[in-house]
Amino acid sequence: MTLHLINKTPSESSALRDSLSAVSNGDALLLIENGVYAAMPAYAELFTRLPGSVQCYLLEDDAIARGLKDLNQDFRAIGYDGFVELSCRYGKVVSWF
Amino acid sequence: MIFSIVVTGAPYSSQASASALQFSRSVLKLGHTIHRVFFYADGVHSGSALAAPPQDEANIPSEWTALACEHDLDLVVCIAAAVRRGVLDENEARRYEKSGHNLSPDFTLSGLGQLVEAGILSDRVVTFGA
């Protein structure tokens, strides 16, 4: 199982779309840096076809730094310690940028 | 768990180096170890000892240096990526007949073999891209 790390907005690069096409059952997504913009409600449609077993997270520090509120409820906000714990829980960490 | 970290973004151009720094601090705080931090492509600028950002801003290169001293980290800068961007240690400055060198003494210039070795010896490799 893989932790997919996305650090770009959906409009800035194909990183998010590419990662979504590579996600498998039991994987997780973590939005960091500009990637957190993908958790804005306007982008919710992008995530509707994900398998239910895929957990979605966002790095809260980066969302706060960008003043983002009322984000997609399917994303759980975590800090850097949570990021490290996820890296341990999943066998590989794949960065898309 | 043993981590290695790869940074490919330059400080002040992308968030990669700052994110990697915060991630590394959490890794160490939670009792894991960092086998190596490998700076590749534009990431090599984190190794410059001459970066002089305003005093009220984070000095990312010196924060790496401080973390490395505290935890005895192996900070490796890709030599091919570094010399073409003007990040040189004393040896390379001599080899290319340059008037000065700027690699911080806490960083080492080395080859991609160090990244391969880090991948083999670490449980996790986490890349912070530009």
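Trainee: In what order do the elements of chain A run from the N terminus on?

Mentor: This is a predicted model. Chain A holds 3 helices and 5 strands. Read from the N terminus, its elements run β-α-β-β-α-β-α-β.

Trainee: What radius of gyration does chain A have, and why does that agree with a compact globule?

Mentor: Start from the chain length, 97 residues. The C-alpha trace spans about 30 × 30 × 25 Å along its principal axes.

Trainee: What percentage of the residues of chain A count as buried?

Mentor: Burial here needs 20 or more other C-beta atoms within 10 Å of a residue's own. Apply that to the 97 residues of chain A. The buried share is 38%.

Trainee: How much of the contacts in chain A with a separation of 6 or more comes from residues 24 or more positions apart?

Mentor: Two residues are in contact if their C-beta atoms lie within 7 Å. Take the contacts in chain A with a separation of 6 or more. Residues 24 or more positions apart account for 70%.

Trainee: Which element gives the largest share of the side of chain A that touches chain B?

Mentor: The contact takes 12 residues from chain A and 13 residues from chain B. On the chain A side, helix H3 (80–89) and strand S5 (92–96) each give two or more residues. That side divides into 7 nonpolar, 3 polar and 2 charged residues. The largest share, 6 residues, comes from H3(A).

Definitions and conventions
Residues are numbered from 1 along each chain as its sequence is written. Chains are lettered from A and ligands numbered from 1 in the order in which they are written. This is a predicted model: local features need pLDDT of at least 70, side-chain atom pairs count only at pLDDT 80 or more; totals for chains, interfaces and linings use all residues. Helices (H or I, at least four residues) and strands (E, at least two) are DSSP runs, numbered from the N terminus. Ala, Val, Leu, Ile, Met, Phe, Trp, Tyr, Cys and Pro count as nonpolar, Asp, Glu, Lys and Arg as charged, and the others, Gly among them, as polar. The radius of gyration is taken over C-alpha atoms; the globule rule is 2.2 Å times the number of residues to the power 0.38. A residue is buried if 20 or more other C-beta atoms lie within 10 Å of its own, exposed if 12 or fewer, and partly exposed in between; C-beta atoms are placed from the backbone.
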